[in-house]
Amino acid sequence: MQQGVVYKEELLEHWQGHRRLTRKVIAAFPEKEFFSFSIGGMRPFSQLVSELLGIAAPGLREIVTGETASYKRDIDNNSKDAFLKLWDEDTEAINEYWAQIPEERFHERIKAFGQYEGTVLSTIQYYVDNEIHHRGQGYVYLRALGIEPPFFWERN
């Protein structure tokens, strides 16, 4: 096997660092504004987080099992704490699924959610990029609300 620049466990730690930071952004929101605040027609942060919850752990489960995942995730709770609980559960699920992906699969071609073609690696990179993108929207919202967001480099 050819040596890579980034090892499997380093990539997971990179992603989980982003997840820890995104969790801090979720926690920084006031309860009401988490569900209602938006700027310029963008979705409230709760809807952005719902999308992230619908992608990460379900997407990895799909990679591991081969069973097409649903892109949408219905969350029947209007409490920020419920979102944080799901976020934490998915963080653990990601670790469990990650351990089941052999390194040789990272360059295998797949069709995520039955429609997005790429490799296992490019799909995971998309999950991380999408989270960073939506977290950036959360930063804008927090600043507009007069709340100092967590430092973007603090991923512990």
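## Report on a predicted model

Proline 44 is buried, with a relative accessible area of 12%. This value, like the others below, comes from a predicted model. Burial here requires a relative accessible area under 20%, so proline 44 with its 12% qualifies.

**Surroundings of proline 44.** The residue sits in the loop between helix H2 (31–36) and helix H3 (45–65). Apart from neighbours within four places in sequence, proline 44 is in contact with Phe34, Phe35, Ser36, Phe37, Ser38 and Tyr141. A further pairing across the chain is that of proline 44 with glycine 138: the two are 94 residues apart in sequence, and their C-alpha atoms are separated by 8.7 Å.

**The hairpin.** Strand S1 (residues 109–112) pairs with strand S2 (residues 116–119) in the antiparallel sense, over 4 bridges. S1 and S2 form a hairpin with 3 residues between them. Phenylalanine 113 belongs to the loop between S1 and S2. Its phi is near 55 degrees, a positive value in a residue other than glycine. Phenylalanine 113 is also buried, because its relative accessible area of 8% falls under the 20% limit.

| Residue | Loop | Relative accessible area |
|---|---|---|
| Proline 44 | between H2 and H3 | 12% |
| Phenylalanine 113 | between S1 and S2 | 8% |

**The whole protein.** The protein has 5 helices and 2 strands. From the N terminus on, the order of these elements is α-α-α-α-β-β-α. The radius of gyration is 16 Å, close to the 15 Å given by the globule rule for 156 residues, so the protein is as compact as a globular protein of that length. Along the principal axes, the C-alpha trace spans about 50 × 30 × 25 Å.

Of the 156 residues, 45% count as buried. Among contacts with a separation of 6 or more, 71% are between residues 24 or more positions apart.

**Surface and charge.** The protein exposes about 8600 Å², and carbon and sulfur atoms supply 51% of that area. There are 18 positive and 24 negative side chains, and the centres of the two sets lie 4 Å apart.

Key:
Residues numbered from 1 in each chain as written. Predicted model: local features only at pLDDT ≥ 70, side-chain atom pairs only at ≥ 80, totals over all residues. Heavy atoms only, no water. Rg over C-alpha atoms; globule rule 2.2 N^0.38 Å. Buried < 20%, exposed > 50% of the residue type's maximum accessible area, 1.4 Å probe, protein only. Contact = heavy atoms within 4.5 Å. Areas by Shrake-Rupley, 256 points an atom, 1.4 Å probe, with all protein chains shown as cover. Lys, Arg positive; Asp, Glu negative; His and termini not counted. Charge placed at Lys NZ, Arg CZ, Asp CG, Glu CD. Pairing = 2+ DSSP bridges.
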